[in-house]
Amino acid sequence: MFTKILIANRGEIALRIIRSAKELGIKTVAVYSEPDKESLHTMLADEKVCIGPAKASESYLSIPNIISAASIKKADAIHPGYGFLAENPRFPEICSQEGISFIGPSADTMRILGDKSQARQKMKKAKLPITPGSEKIIEDFNTAPKIAKNIGYPVILKAASGGGGKGMRIVRSSTNLEEMYSIAQHEAKAAFGDPSLYMEKYIEDARHIEIQLIRDSKGNSLAFGERECSVQRKHQKVIEETPSPFIDEKTRKKLIKAVEDASDFIDYQSLGTFEFLVDSQKNYYFMEVNTRAQVEHPITEMVYGIDLIKEQIKIAAGNKLSFPQNLKINGHSLECRINAENAETFIPSPGKIDFLVLPGGQGIRVDSAAFRGWDIPPDYDSLVAKIIVHSPTRAEAINKMQTALEMTIIVGIQTNLPLHMDILSNSNFRKGDYNIQFLEKFLNRKKAGRK
Ligand code: ADP
């Protein structure tokens, strides 16, 4: 087993990893940028190293700075968390050159799956259904109208290197294809340094359903029951739940089997998530694989009673997967992402937390790096806390979440707590009757009501 892990991240996920490492008896090293000096992950890790200024490209995204920190502190492994360098294949490559274990999949796996257009073709070979779309990236805009016509409108343009919902545009007719292409291309270039786009059929009224997988280096794998992540704004998840109120046992089994088979096909190692769109007829289409722990992994942990990060660390150290094959889903779990932002305009609201009460009690878990007096820097994402609940039934889980949110007090910054309260009391949400368009429609109705 490793003796010391460096966590190449910040915020709640850094704390989450520190927690599992401590339980395994492994020492931890936090890295931090200058504005993060007083943040919780630096206080709770065994050791800490400053890796640069606020700008992520000079700190959390700087491979040389992080590798130097690991060498100075003699860390034998690095956990990348999510975001930042988590899906950059150069990172595991350099770790391996330096004799440091990378807690995640191989650079080759990341490279194949990181290009979403390539990943589609690979998964097609692995027998996963994919949405109709371009075979590869669109090299020349002049070919785009024909591809779109063949697929049939509406289509969605997506960045090959995409993530976080960026570089994506829905195109409903040929008249605005060129404009949307140009916008998506610019956005992709700015966000990922790669303007490559590909095209897919836009599936109306779909649900975002994803399957968590864990697979060790000996080929033992386990895929878990689905997470439903259709409550989204601008293609970004806001609330997640498991099990999905829409997926039946037969579809669940099919998805689990398909993911286990596909992961064998590519010899996937570590934690990973296979994302799908599921249409109203319960046909599923592969979207992408996230080659890292995800923000919403705790809901799977809640219903299965497991620790995915501990297991991810153990299998990275060469251990055999220790989860039994007959794990069962127990009850229902929901997660609300509490962001520092205005609940109506969504403008980020960084700043100092003057007063803070986070909820607790049976079946409530809070993953957060927030504390009273913490000055949230404007330089990074706006996630303040993940509030996660677990109850025997979906209805009870929703009620528990409502109570938990009512007992959450955050003063000094604005948060999206009011938006979560609105969604949780919406009758369609409560019935489980929602898809990826639900939140945008809901917000448009609210806006119209205010006018
Ligand atoms: P990212 O990696 O940027 O998060 P994804 O490929 O995971 O991008 O897609 C994010 C979201 O965009 C999906 O959850 C879904 O809501 C929407 N989306 C993506 N592809 C399609 C599609 N073909 N049809 C309908 N919605 C889509």
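Predicted model: local features only at pLDDT ≥ 70, side-chain atom pairs only at ≥ 80, totals over all residues.
Phe355 sits in strand E17 (residues 355–357) and, at 35% relative accessible area, is partly exposed (buried is under 20%, exposed over 50%, partly exposed in between; 1.4 Å probe, protein chains only).

Arg215, in strand E9 (residues 207–215), is buried at 6% relative accessibility. Its side chain makes a polar contact (N or O atoms within 3.5 Å, one able to donate a hydrogen and the other to accept it) with the side chain of Asp267 at 2.8 Å, and the Arg215 side chain also gets to the backbone oxygen of Tyr268 at 2.8 Å. Leaving aside residues up to four places away in sequence, Arg215 touches (heavy atoms within 4.5 Å) residues including Asn220, Ser263, Gln269 and Ile315.

Ile100 falls in the loop between helix H4 (90–97) and strand E5 (101–102), and counts as buried at 7% relative accessibility. Among the residues it touches are Ile67, Ala70, Ile78 and Cys95. Ile5 is 95 residues away from Ile100 in sequence, with 9.6 Å between their C-alpha atoms.

Residues are numbered from 1 along each chain as its sequence is written, and side-chain values use heavy atoms, without hydrogens or water. Local features need pLDDT of at least 70 and side-chain atom pairs 80 or more, while totals for chains, interfaces and linings use all residues.

Notes. Helix = DSSP H or I, 4+ residues; strand = E, 2+ residues; numbered from the N terminus.
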